[in-house]
Amino acid sequence: MSLSVKEKSHIRLMFLGAAGVGKTSLIRRFLLDTFETKYRRTVDELHIKEYNISGMKMQMDILDTSGSYDFPAMRKLSIKNSDAFALVYAVDDAVSFETVKSLRDEILEIKEDNKLIPVVVVGNKCDNKGELQVSSKDIVSTVEVEWNNKHIETSAKTNENVAEIFSELLQQANLPSRLSPALRRRETFPKDNRAKPPMNKTNSCTIS
Ligand code: GDP
Ligand code: MG
């Protein structure tokens, strides 16, 4: 399913990946700019954000999934109804990249015009690279050369490259790129005036 001109003011992003890789934390960081170390199991959750950009109404739905494989039929339906996908693994968990592989296969199977689907592969927990289990070189070449998808390393903990997931998916969906900075305004939450670290221009992680 591709976006027609008329539908361009509405996009649904779906976050997929094994349980525990940080999907909920990335979404929470993006929407609320907070991070929790406590783990809570997610049931599928839909966040709906509405924005007004120079008089144009935009709606972004963000579907957070549980990572459990109990409901394959439901997941298939959600994939069918989503426009763009963040496939998340954790850089300290090699098995979680195997999950990304099978999720990608599933998306390609469900979507017909699969070359046009906005997809970004997210290596989260890059603040934790001391625990590295996954060879990032191999993964980057699989994702970028073999699959021809974008690969971004992120940390929900340090807020590294988190907004890039969203702006990359919007760009791939041909939504106006000027939407991206507007999305960082947190309209429904108390204003956070803390200075933000400068945006990292690369897609890989800086280790401090
Ligand atoms: P989900 O199951 O994919 O939604 O994963 P969660 O967002 O619930 O995160 C699982 C656990 O990983 C939680 O304890 C988080 O605090 C932790 N976590 C998530 N993102 C990061 C990250 O970027 N760095 C580190 N060090 N821990 C993270
Ligand atoms: Mg979750």
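1. Start with how helix 1 and helix 5 sit against each other. In this predicted model, helix 1 covers residues 23–32 and helix 5 covers residues 162–172. Their axes are 9 Å apart and meet at an angle of about 90°. Angles of 65 to 115 degrees count as roughly perpendicular, so that is the label for helix 1 and helix 5.

2. Which residues make the contact between helix 1 and helix 5? From helix 1 you get L26, R29 and F30, while helix 5 brings V162, A163, I165 and F166.

3. Now have a look at ligand 1. It is surrounded by 19 residues, and the closest are G20, K23, S25, E36 and D127.

4. A few distances are worth checking on screen. Polar backbone atoms lie 2.9 Å from a ligand 1 oxygen at G22 and 3.3 Å from a ligand 1 oxygen at V21. For K125, an N or O atom of the side chain is 3.1 Å from an oxygen atom of ligand 1.

5. How much of ligand 1 does the protein cover? On its own, ligand 1 has 580 Å² of accessible area, and the protein covers 90% of that.

Note on methods:
Residues are numbered from 1 along each chain as its sequence is written. Chains are lettered from A and ligands numbered from 1 in the order in which they are written. This is a predicted model: local features need pLDDT of at least 70, side-chain atom pairs count only at pLDDT 80 or more; totals for chains, interfaces and linings use all residues. Side-chain values use heavy atoms; hydrogens and water are left out. Axes are lines fitted to C-alpha atoms, for helices over the stretch in contact, and angles run from 0 to 180 degrees between N-to-C directions. Helices (H or I, at least four residues) and strands (E, at least two) are DSSP runs, numbered from the N terminus. Angles under 35 degrees count as roughly parallel, over 145 as roughly antiparallel, 65 to 115 as roughly perpendicular and the rest as oblique. Contact means heavy atoms within 4.5 Å. A residue is near a molecule or strand if one of its heavy atoms lies within 4 Å of it. A polar contact is a pair of N or O atoms within 3.5 Å; within protein, one must be able to donate a hydrogen and the other to accept it, and residues adjacent in sequence count only if both atoms are side-chain atoms. Accessible areas come from the Shrake-Rupley method with a 1.4 Å probe; for residues, only the protein chains shown count as cover.
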